Amino acid sequence: MNKKIAILTDSSAGFTTAEIKELGIHVIPLHIILNNEIDILDTEEEIKKYHFYNIVKTGTTKTSQASTGELMAKWDEILETYDEIIHYPIAEKLSSQYATAYTLSQDKQYLGKVHVVRNHTAAFALKTLIIYANELTKQNFTVKEIIAKTNALEQKTYMAMIPGSLERLSKGGRVGKVLLSLINLFKIKILIQWGEYPKKIASSRTLNNLIEALVETWDKFKKTVKEKFQLFVLKTDQCADKVWDNVTQKLNELKVDYHTEQLANIFVAHAGLDTIAFVAIPENK
């Protein structure tokens, strides 16, 4: 008899409440701290209730992982109706959530039932991986096979980001103080390629140059992976028109086809409203 497997992730994947219900996946919300005072859950209801986007504009926003108690409650709830859980937390370079979840999964009550996967995807890339994993559960693949297939998909996924606010990013320890001072002095923007080892791949005063660098590095990646891709450009509804128009005009000029998706709140909290992210997913998984 095949075991019933549940797929669990956190709110960094950017699923809407409607999508969670429709797909039958499980999501545990991360925490966002507003102005160092109010701790809210990263859910649609609380994001709206506490005016998250307004606070990103005028105040400070930090993030925090789900607690051990919250993880246990979620796992226990799922295990009432499922035999095993595959848990894909936010990338470990962004949070301690993976370490916390993995350590807890080694406890006797969860050992062999909860499988915490170390992955390096983010935002829409993680969302795509979760949808794929969920599809595999319906095809009677084992836990080991599902993890192997999603790991393979991760290796074929391209991710990059242009932070909207490097000052905000630096407050979370993502940008060194010396680099930040130089960036602010010369009003430079940067393009970061995401992966197991995130790296700055370009810097410029103009978005046009960064988009050109993006397309160049993505072309190199495509030749290495030898796949056909779909490109998704991630933004918030609050992104400045000037920024978005600049990005789309350059992509159109370079004849790059793309789809638009919403950027998950966790990344907005760290990098600002004008952050633009790019995720390229292979057409054939």
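Helices (H or I, at least four residues) and strands (E, at least two) are DSSP runs, numbered from the N terminus. Keep that numbering in mind for this tour of a predicted model, where local features need pLDDT of at least 70, side-chain atom pairs count only at pLDDT 80 or more, and totals for chains, interfaces and linings use all residues. Residues are numbered from 1 along each chain as its sequence is written, and side-chain values use heavy atoms, with hydrogens and water left out.

**Stop 1: a loop residue with positive phi**

Select N35, which sits in the loop between strand 3 (31-34) and strand 4 (38-41). The phi of N35 is near 50°, a positive value in a residue other than glycine. Is N35 buried, partly exposed or exposed? N35 has 35% relative accessibility and so counts as partly exposed (buried means under 20% relative accessible area, exposed over 50%, partly exposed in between, with a 1.4 Å probe and protein chains only).

**Stop 2: another positive phi**

Now move to A123, in the loop between strand 7 (114-116) and helix 6. A123 is not a glycine, yet its phi is positive, at about 50°. The relative accessible area of A123 is 6%, so A123 is buried.

**Stop 3: helix 4 against helix 5**

Two packed helices are described by the angle between their axes and the distance between the axes. Show helix 4 (residues 68-79) and helix 5 (residues 97-105): their axes come within 10 Å and cross at roughly 55°. Axes here are lines fitted to C-alpha atoms, for helices over the stretch in contact, and angles run from 0 to 180 degrees between N-to-C directions. Helix 4 and helix 5 are therefore oblique to each other (angles under 35 degrees count as roughly parallel, over 145 as roughly antiparallel, 65 to 115 as roughly perpendicular and the rest as oblique). The crossing of helix 4 and helix 5 is right-handed; a crossing is left-handed if the near helix is turned anticlockwise from the far one by less than a right angle, and right-handed if clockwise.

To see the contact (heavy atoms within 4.5 Å), display T68, L71, M72 and W75 of helix 4 together with Q97, T100, A101, L104 and S105 of helix 5. By class, the contact of helix 4 with helix 5 has five nonpolar, four polar and no charged residues. In this scheme Ala, Val, Leu, Ile, Met, Phe, Trp, Tyr, Cys and Pro count as nonpolar, Asp, Glu, Lys and Arg as charged, and the others, Gly among them, as polar.

**Stop 4**

Next, colour the open sheet formed by six strands in the order 10-9-8-13-11-12, with mixed pairing. Strand 10 (199-204) and strand 12 (259-262) stand at the edges, each with a single partner strand, so one side of each has no neighbour in the sheet. From one strand to the next, the twist averages 25°.

Two strands pair if DSSP finds at least two bridges between them. Strand 8 and strand 9 pair in the antiparallel sense over three bridges, and M161 stands opposite I192 in strand 9. Strand 9 and strand 10 are also antiparallel, with five bridges, and a hairpin joins them through four residues. Pick Q193 and you will find that its bridge partner in strand 10 is K199. Five of the six residues of strand 9 are buried, so strand 9 is largely enclosed by the rest of the structure.

Further across, strand 11 (residues 229-235) and strand 13 (residues 276-282) pair in the antiparallel sense over six bridges. Here F229 has P282 of strand 13 as its bridge partner.

**Stop 5: helices across the sheet**

The crossing of helix 10 and helix 11 is right-handed. Show L207, N208, I211 and E212 of helix 10 with V243, N246, V247, K250 and L251 of helix 11 to see the contact. These residues of helix 10 and helix 11 divide into five nonpolar, two polar and two charged.

**Last stop: N265**

Finish at N265, in helix 12 (residues 265-271). N265 is buried, with a relative accessible area of 15%. Which residues does N265 touch, not counting those up to four places away in sequence? Select I32, D42, I47, F52 and Y53 to see the residues that N265 touches.
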